[in-house]
Amino acid sequence: LIPPRRVIAPDVVFRDAVQEIIDTPRGREATMYGPLRDIFAVVFEYNARDIDIDTTGEGGRPDLTIRAATGLTGASGRPHLINWIVLEAKDERVFADPDKREAVFAIKSKYITPNAAWFVMVDPSVIVARPAHRAVDAGTGDILVHWSSTLTIDELQGQMLHLRAAYAGAS
(Lines give C-alpha, C1' and ligand atoms only; values in the text may rest on other atoms or scores of the structure.)
Protein backbone atom coordinates (compact mmCIF):
# COMPACT_ATOMS: atom_id res chain seq x y z
CA LEU A 1 0.00 0.00 0.00
CA ILE A 2 1.14 3.49 -0.85
CA PRO A 3 0.46 5.92 1.97
CA PRO A 4 -1.68 8.91 1.02
CA ARG A 5 0.19 12.11 0.23
CA ARG A 6 0.11 14.60 3.02
CA VAL A 7 -1.51 17.82 1.88
CA ILE A 8 -0.19 20.97 3.50
CA ALA A 9 -2.36 24.07 3.56
CA PRO A 10 -1.14 26.80 1.18
CA ASP A 11 -0.86 29.37 3.98
CA VAL A 12 1.44 27.01 5.92
CA VAL A 13 3.62 26.40 2.84
CA PHE A 14 3.78 30.15 2.25
CA ARG A 15 4.58 31.08 5.84
CA ASP A 16 7.32 28.43 6.04
CA ALA A 17 8.80 29.50 2.68
CA VAL A 18 8.85 33.18 3.65
CA GLN A 19 10.51 32.38 6.98
CA GLU A 20 13.17 30.26 5.24
CA ILE A 21 13.94 33.15 2.89
CA ILE A 22 14.12 35.67 5.75
CA ASP A 23 16.41 33.35 7.72
CA THR A 24 18.80 32.64 4.83
CA PRO A 25 22.39 33.06 6.08
CA ARG A 26 25.16 34.47 3.89
CA GLY A 27 26.77 31.83 1.74
CA ARG A 28 23.56 29.76 1.53
CA GLU A 29 21.79 31.36 -1.44
CA ALA A 30 20.82 28.00 -2.97
CA THR A 31 18.68 27.21 0.09
CA MET A 32 16.30 29.95 -1.11
CA TYR A 33 15.48 28.23 -4.40
CA GLY A 34 13.07 25.60 -3.05
CA PRO A 35 11.08 28.08 -0.93
CA LEU A 36 10.93 30.48 -3.90
CA ARG A 37 9.60 27.67 -6.11
CA ASP A 38 6.96 26.99 -3.44
CA ILE A 39 5.95 30.66 -3.36
CA PHE A 40 5.55 30.82 -7.13
CA ALA A 41 3.50 27.62 -7.08
CA VAL A 42 1.29 28.58 -4.11
CA VAL A 43 0.94 32.36 -4.42
CA PHE A 44 1.20 32.88 -8.16
CA GLU A 45 -0.34 29.49 -9.09
CA TYR A 46 2.33 28.13 -11.45
CA ASN A 47 2.76 24.39 -11.83
CA ALA A 48 5.87 23.50 -9.80
CA ARG A 49 7.01 21.31 -12.74
CA ASP A 50 7.22 24.46 -14.86
CA ILE A 51 9.66 26.15 -12.48
CA ASP A 52 13.27 25.37 -13.28
CA ILE A 53 15.86 25.78 -10.55
CA ASP A 54 19.41 26.77 -11.53
CA THR A 55 19.06 25.48 -15.10
CA THR A 56 20.94 26.85 -18.09
CA GLY A 57 18.71 28.43 -20.71
CA GLU A 58 18.90 30.86 -23.63
CA GLY A 59 20.17 33.80 -21.61
CA GLY A 60 22.39 31.94 -19.16
CA ARG A 61 21.66 30.29 -15.82
CA PRO A 62 19.14 32.20 -13.68
CA ASP A 63 18.43 30.93 -10.20
CA LEU A 64 14.79 30.23 -11.14
CA THR A 65 12.98 30.29 -14.46
CA ILE A 66 9.20 30.23 -14.34
CA ARG A 67 7.75 28.99 -17.60
CA ALA A 68 4.28 29.69 -19.00
CA ALA A 69 2.16 28.29 -21.81
CA THR A 70 2.04 30.10 -25.14
CA GLY A 71 -1.29 28.66 -26.21
CA LEU A 72 0.48 26.43 -28.75
CA THR A 73 1.28 22.75 -28.49
CA GLY A 74 4.27 20.81 -29.68
CA ALA A 75 4.22 17.67 -31.84
CA SER A 76 3.74 15.60 -28.68
CA GLY A 77 0.57 17.50 -27.82
CA ARG A 78 2.16 19.10 -24.78
CA PRO A 79 1.83 22.85 -24.28
CA HIS A 80 4.71 24.92 -25.65
CA LEU A 81 6.28 26.78 -22.71
CA ILE A 82 8.31 30.00 -22.71
CA ASN A 83 10.52 31.55 -20.07
CA TRP A 84 8.07 34.07 -18.60
CA ILE A 85 9.82 35.08 -15.36
CA VAL A 86 13.53 34.91 -14.63
CA LEU A 87 14.63 35.28 -11.04
CA GLU A 88 17.89 36.21 -9.37
CA ALA A 89 18.29 35.48 -5.66
CA LYS A 90 20.98 36.83 -3.35
CA ASP A 91 21.70 35.74 0.21
CA GLU A 92 22.88 39.28 0.99
CA ARG A 93 20.43 42.13 1.52
CA VAL A 94 21.03 44.11 -1.65
CA PHE A 95 17.76 44.62 -3.53
CA ALA A 96 16.10 47.18 -1.24
CA ASP A 97 18.88 49.62 -2.12
CA PRO A 98 18.21 51.03 -5.62
CA ASP A 99 21.91 51.50 -6.45
CA LYS A 100 22.86 47.96 -5.40
CA ARG A 101 19.78 46.60 -7.21
CA GLU A 102 20.86 48.34 -10.42
CA ALA A 103 24.42 47.03 -10.11
CA VAL A 104 23.18 43.43 -9.83
CA PHE A 105 20.59 43.97 -12.56
CA ALA A 106 23.25 45.30 -14.95
CA ILE A 107 25.08 41.98 -14.67
CA LYS A 108 22.12 39.60 -14.47
CA SER A 109 19.76 41.15 -17.02
CA LYS A 110 21.38 38.85 -19.59
CA TYR A 111 18.80 36.30 -18.42
CA ILE A 112 15.99 38.32 -20.00
CA THR A 113 15.05 36.61 -23.25
CA PRO A 114 12.61 37.91 -25.89
CA ASN A 115 9.62 36.14 -24.29
CA ALA A 116 10.40 37.04 -20.68
CA ALA A 117 7.92 39.45 -19.16
CA TRP A 118 9.43 39.81 -15.68
CA PHE A 119 12.80 39.94 -13.98
CA VAL A 120 12.40 39.16 -10.28
CA MET A 121 15.06 39.87 -7.64
CA VAL A 122 14.88 38.33 -4.17
CA ASP A 123 16.98 38.61 -1.04
CA PRO A 124 16.17 37.91 2.63
CA SER A 125 14.61 41.37 3.00
CA VAL A 126 12.62 41.97 -0.21
CA ILE A 127 11.15 40.63 -3.41
CA VAL A 128 11.30 43.01 -6.39
CA ALA A 129 9.49 42.46 -9.69
CA ARG A 130 10.62 44.46 -12.71
CA PRO A 131 8.75 44.38 -16.01
CA ALA A 132 11.27 43.13 -18.57
CA HIS A 133 10.19 45.78 -21.09
CA ARG A 134 11.15 48.47 -18.54
CA ALA A 135 14.63 47.07 -18.03
CA VAL A 136 16.32 50.28 -19.14
CA ASP A 137 14.26 52.56 -16.87
CA ALA A 138 16.56 52.15 -13.84
CA GLY A 139 13.85 50.57 -11.76
CA THR A 140 11.05 53.02 -12.50
CA GLY A 141 8.47 50.23 -12.82
CA ASP A 142 9.79 48.07 -9.97
CA ILE A 143 7.31 46.54 -7.53
CA LEU A 144 9.00 46.04 -4.15
CA VAL A 145 7.56 44.05 -1.24
CA HIS A 146 9.36 43.57 2.08
CA TRP A 147 9.37 40.05 3.47
CA SER A 148 7.95 39.74 6.96
CA SER A 149 6.56 36.97 9.12
CA THR A 150 3.17 38.72 8.95
CA LEU A 151 3.04 38.94 5.13
CA THR A 152 0.07 36.97 3.79
CA ILE A 153 -0.57 35.23 0.49
CA ASP A 154 -3.32 37.74 -0.31
CA GLU A 155 -1.02 40.71 0.36
CA LEU A 156 1.80 39.41 -1.85
CA GLN A 157 -0.62 38.33 -4.56
CA GLY A 158 -2.37 41.70 -4.46
CA GLN A 159 0.84 43.71 -4.69
CA MET A 160 2.30 41.54 -7.45
CA LEU A 161 -0.92 40.61 -9.21
CA HIS A 162 0.54 40.53 -12.73
CA LEU A 163 3.03 37.82 -11.80
CA ARG A 164 0.17 35.32 -11.47
CA ALA A 165 0.00 32.40 -13.87
CA ALA A 166 -3.43 33.59 -15.00
CA TYR A 167 -1.72 36.59 -16.67
CA ALA A 168 1.25 34.66 -18.05
CA GLY A 169 2.20 33.53 -21.52
CA ALA A 170 0.21 34.24 -24.62
CA SER A 171 -2.79 31.98 -24.11
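Which elements cover the buried residues of α3? The legends below take this up in turn.

This is a predicted model, in which local features need pLDDT of at least 70, side-chain atom pairs count only at pLDDT 80 or more, and totals for chains, interfaces and linings use all residues. Residues are numbered from 1 along each chain as its sequence is written, and side-chain values use heavy atoms, with hydrogens and water left out.

**View 1. Helix α3 and its cover.** Let's start with the opening question: the cover of the buried residues of α3 includes β3 (79-89), β4, β5 (126-131) and β6 (143-146), where contact means heavy atoms within 4.5 Å. Helices (H or I, at least four residues) and strands (E, at least two) are DSSP runs, numbered from the N terminus. In α3 (residues 98-108), Arg101, Val104, Phe105 and Lys108 are buried. Seen down the helix axis, these buried residues of α3 fall within an arc of 105°, so they line one face; the arc is that of the directions from the axis to the C-beta atoms. Turned away from that side are the exposed residues Asp99, Ala106 and Ile107. Buried means under 20% relative accessible area and exposed over 50%, with partly exposed in between (1.4 Å probe, protein chains only).

**View 2. Around phenylalanine 105.** The structure holds three aromatic pairs. In this one the ring centres are 5.1 Å apart and the planes at 85°, so the pair is edge-to-face. It links distant parts of the chain, with phenylalanine 105 in helix α3 and phenylalanine 119 in strand β4, 14 residues apart. Rings of Phe, Tyr and Trp (its six-membered ring) pair if their centres lie within 6.5 Å; planes under 30 degrees apart count as stacked, over 60 as edge-to-face and the rest as tilted. Arginine 130 lies over the face of phenylalanine 105, 4.3 Å from the ring centre.  A charge sits over a ring if NZ of Lys or CZ of Arg is within 6 Å of the ring centre and within 35 degrees of the ring normal.

**View 3. An aromatic cluster.** Here Phe40, Phe44 and Tyr46 come together as one aromatic cluster. Both phenylalanine 40 and tyrosine 46 are buried.

**View 4. The buried side of helix α1.** Finally, have a look at α1 (residues 10-22), a helix of 13 residues. Phe14, Ala17, Val18, Ile21 and Ile22 are buried in α1. They cover an arc of only 135° around the axis, which puts them on the same side of α1. Their cover includes α2 (33-42), β4 (118-122) and α4 (153-159).

Technical notes. Expected span 1.5 Å × (residues − 1).
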